[in-house]
Amino acid sequence: MGVIDRQCCLPIHTMPTQNTREKLLDVAQELIQRRGLNAMSFRDLSDSVGIRKASVHHHFASKTEMVDALLGRYLQQFGELLDEILASRASGKTMLKRYCDLFVQTLSSSGNDKGCLCGMLMAELLSLNDSGAAKVRAFLSSNTMAVESMLARGGEDGSLQPNVSTKVTAWMVLATLEGGLLVARCDGGHKQLSDIASRLIQLLAK
């Protein structure tokens with residue numbers, strides 16, 4: 001989610017170290033969003049990027065360190081998308097639709113086989129260290145607070161009418177999108193997820 005596709009890079013021997021590190025993170029994110037953390041190895045990364053496995057360890061001493069860096073980058077990128085939505089002058093309903101579209105775009109731009117990075121890692125939480133787990137929980141917290149703000153805006157402008165507390169409703173929205181993404185990934189694809197999101201917004205707008 002929220003990840004910009006990159007063009008093919010130059011041959012590895014001509015790439016600056018920082019670019020190699022970023023490319024490794026790009027590939028790792030792609031693999032985790034498609035396969036899950038425990039189905040991704042440093043061998044996969046070295047084969048995809050075109051460097052020796054030992055060179056991967058030059059950038060990341062361990063898989064845990066790599067995931068921690070990946071989550072830090074993802075939280076920053078996704079946070080920027082949330083800030084952009086919240087900074088708009090749109091109605092609460094429109095902001096919520098834009099938020100839902102982030103999840104739909106994850107499927108539509110990937111052949112319907114990607115999950116949200118943090119959503120995939122929630123399923124493998126016990127495989128993360130304390131720092132990684134804390135970052136996944138930070139994703140949940142920041143997204144819940146952002147949706148609360150959208151719901152509050154919708155309550156003020158009359159575009160949304162949540163029937164319970166904004167916090168509970170925000171959790172419901174996030175759970176529906178994360179769960180709906182995984183279900184649609186198995187069957188129905190982005191069209192089904194888009195239909196789920198549209199129905200959710202309709203219910204909140206009544």
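Colleague: Why are H4 and H7 called roughly parallel to each other?

Modeller: This is a predicted model, in which local features need pLDDT of at least 70, side-chain atom pairs count only at pLDDT 80 or more, and totals for chains, interfaces and linings use all residues. Residues are numbered from 1 along each chain as its sequence is written, and side-chain values use heavy atoms, with hydrogens and water left out. The axes of H4 and H7 cross at roughly 5° and come within 10 Å. Angles under 35 degrees count as roughly parallel, over 145 as roughly antiparallel, 65 to 115 as roughly perpendicular and the rest as oblique. H4 and H7 are therefore roughly parallel.

Colleague: What makes up the contact of H4 with H7, by class?

Modeller: It has 12 nonpolar, six polar and three charged residues. Ala, Val, Leu, Ile, Met, Phe, Trp, Tyr, Cys and Pro count as nonpolar, Asp, Glu, Lys and Arg as charged, and the others, Gly among them, as polar. Among the H4 residues in this contact are Tyr74 and Phe78, and the H7 residues include Phe139; contact means heavy atoms within 4.5 Å.

Colleague: How do you know how H5 runs relative to H7?

Modeller: The axes of H5 (residues 92-108) and H7 (residues 130-157) come within 7 Å and cross at roughly 150°. That makes H5 roughly antiparallel to H7. The residues of this contact divide into six nonpolar, three polar and two charged.

Colleague: What makes phenylalanine 78 and phenylalanine 103 an aromatic pair?

Modeller: Rings of Phe, Tyr and Trp (its six-membered ring) pair if their centres lie within 6.5 Å; planes under 30 degrees apart count as stacked, over 60 as edge-to-face and the rest as tilted. Here the centres are 6.3 Å apart and the planes 70° apart, and the pair is edge-to-face. Phenylalanine 78 lies in H4 and phenylalanine 103 in H5, 25 residues apart.

Colleague: Are phenylalanine 78 and phenylalanine 103 buried or exposed?

Modeller: Buried means under 20% relative accessible area, exposed over 50%, partly exposed in between (1.4 Å probe, protein chains only). Phenylalanine 78 has 2% and counts as buried; phenylalanine 103, at 0%, is buried too.

Colleague: Which residues have the most contacts inside the largest nonpolar core?

Modeller: They are Leu45, Met66, Leu96, Tyr99, Phe103 and Leu121, in a core of 57 residues. Such a core is a set of buried Ala, Val, Leu, Ile, Met, Phe, Trp, Tyr and Cys residues joined through side-chain atoms within 4.5 Å. H4 gives the most to this core, with nine residues.

Methods:
Axes fitted to C-alpha atoms, helices over the stretch in contact; angles between N-to-C directions. Helix = DSSP H or I, 4+ residues; strand = E, 2+ residues; numbered from the N terminus.
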